[in-house]
Amino acid sequence: FRRVLFRSHEALAARRHVLCEKPFAMNLAEARGMLDAAERARVVHVLGVEFRFATVHELLRRTIAAGAIGEPRQALFAWLVPFLSYPGAQTPPWWEDAKQGGGFLGAWGSHLIDQVRVTLGEFAAVSARLQTLSGKSGMTADDTFSAQFRLASGLEGVFVESMAAPGDMFGIVRISGSEGALWIEGVQGEELWLADRKGNKTRVAVPPALVLPPPVPFPHAELMQTAR
């Protein structure tokens with residue numbers, strides 16, 4: 001990890017554009033140091049938060065921005081996954097080690113924070129808790145986190161997220177506003193639904209510009225990688 005941080009600063013010193021994946025820093029001071037270096041270099045500096053561009057999340061952002069639910073007032077983000085509750089579950093060694101920047105908050109929470117900021121606005125207050133529920137031997141990083149937050153707009157929201165929740169996978173994103181509510185349905189989060197104050201429920205159509213082509217298969221099976 002330290003080598004990656006050093007290489008990033010080397011690139012910025014050479015005035016090269018930088019795309020970072022998380023974790024790109026181990027603490028706030030390191031993160032601010034990298035941001036300061038990028039701004040001094042006047043180069044493009046981006047964190048790879050790819051879920052911002054997922055069709056259903058961009059559709060959610062656009063629908064809220066269009067005023068479909070009035071003023072957003074409440075948000076719920078919940079994703080409970082049983083992966084680490086299985087005894088044989090495997091992850092990269094660094095992912096289980098808090099000293100190397102591992103953990104579910106950094107891996108998944110960073111995407112949630114980005115989605116909230118892009119879709120609903122800036123954070124004003126947060127109260128959060130990390131847990132390790134899997135019981136995996138030697139694991140020091142979190143696999144579960146929850147948070148209550150308030151945005152500058154006054155919206156109140158909750159995160160409930162776990163990679164070690166036994167049972168079926170469960171996920172929902174629901175935003176309630178003064179004139180209605182929007183929520184994402186489907187195990188993989190494929191559909192966006194809208195309900196007005198009268199209880200009328202409709203599926204939000206995906207505009208042609210947001211329809212993604214099917215993925216191109218890998219040409220060779222040996223290119224596929226596992227967590228080992």
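Helices (H or I, at least four residues) and strands (E, at least two) were taken as DSSP runs and numbered from the N terminus. On this basis, the protein chain contains four helices and 10 strands, arranged along the sequence in the pattern α-β-α-β-α-β-α-β-β-β-β-β-β-β. The structure is a predicted model, in which local features need pLDDT of at least 70 and side-chain atom pairs count only at pLDDT 80 or more, whereas totals for chains, interfaces and linings use all residues. Residues are numbered from 1 along each chain as its sequence is written, and side-chain values use heavy atoms, with hydrogens and water left out.

The C-alpha atoms of the protein chain fill a box of roughly 55 × 45 × 45 Å, taken along the principal axes. Of its 228 residues, 36% count as buried, that is, under 20% relative accessible area with a 1.4 Å probe and protein chains only. The accessible surface, computed by the Shrake-Rupley method with a 1.4 Å probe, comes to about 14,100 Å², and 57% of this area belongs to carbon and sulfur atoms. Among contacts (heavy atoms within 4.5 Å) with a separation of 6 or more, 65% are accounted for by residues 24 or more positions apart.

Strand pairing, which requires at least two DSSP bridges between two strands, involves β6 (residues 156–162) with both β3 and β5. Strand β3 (residues 72–80) runs parallel to β6 and is joined to β6 by seven bridges; L80 stands opposite S162 of β6. Seven bridges also join β5 to β6, in an antiparallel arrangement, with G157 of β6 as the bridge partner of F149. Four residues separate β5 from β6 in a hairpin, and G154 in the turn has a positive phi of about 105 degrees.

Pockets were defined on a 1 Å grid over the protein atoms alone, as open sets of points where a 1.4 Å probe fits, with protein on both sides within 12 Å along at least five of seven lines; lining residues have an atom within 4 Å of a point. The largest pocket has a volume of about 1,400 Å³, the volume being the space filled by probe spheres set on the points, which are joined across faces, edges and corners. Of the 45 residues lining the largest pocket, F24, A31, L47, S110 and I113 are the closest to its centre. Two or more lining residues come from each of β1 (18–20), α2 (28–41), β2 (45–47), α4 (104–119), β4 (123–131) and β5 (144–151). Helix α4 gives the most, with seven residues. By class, the lining comprises 27 nonpolar, 11 polar and seven charged residues, where Ala, Val, Leu, Ile, Met, Phe, Trp, Tyr, Cys and Pro count as nonpolar, Asp, Glu, Lys and Arg as charged, and the others, Gly among them, as polar.

Terms used: Buried means under 20% relative accessible area, exposed over 50%, partly exposed in between (1.4 Å probe, protein chains only).
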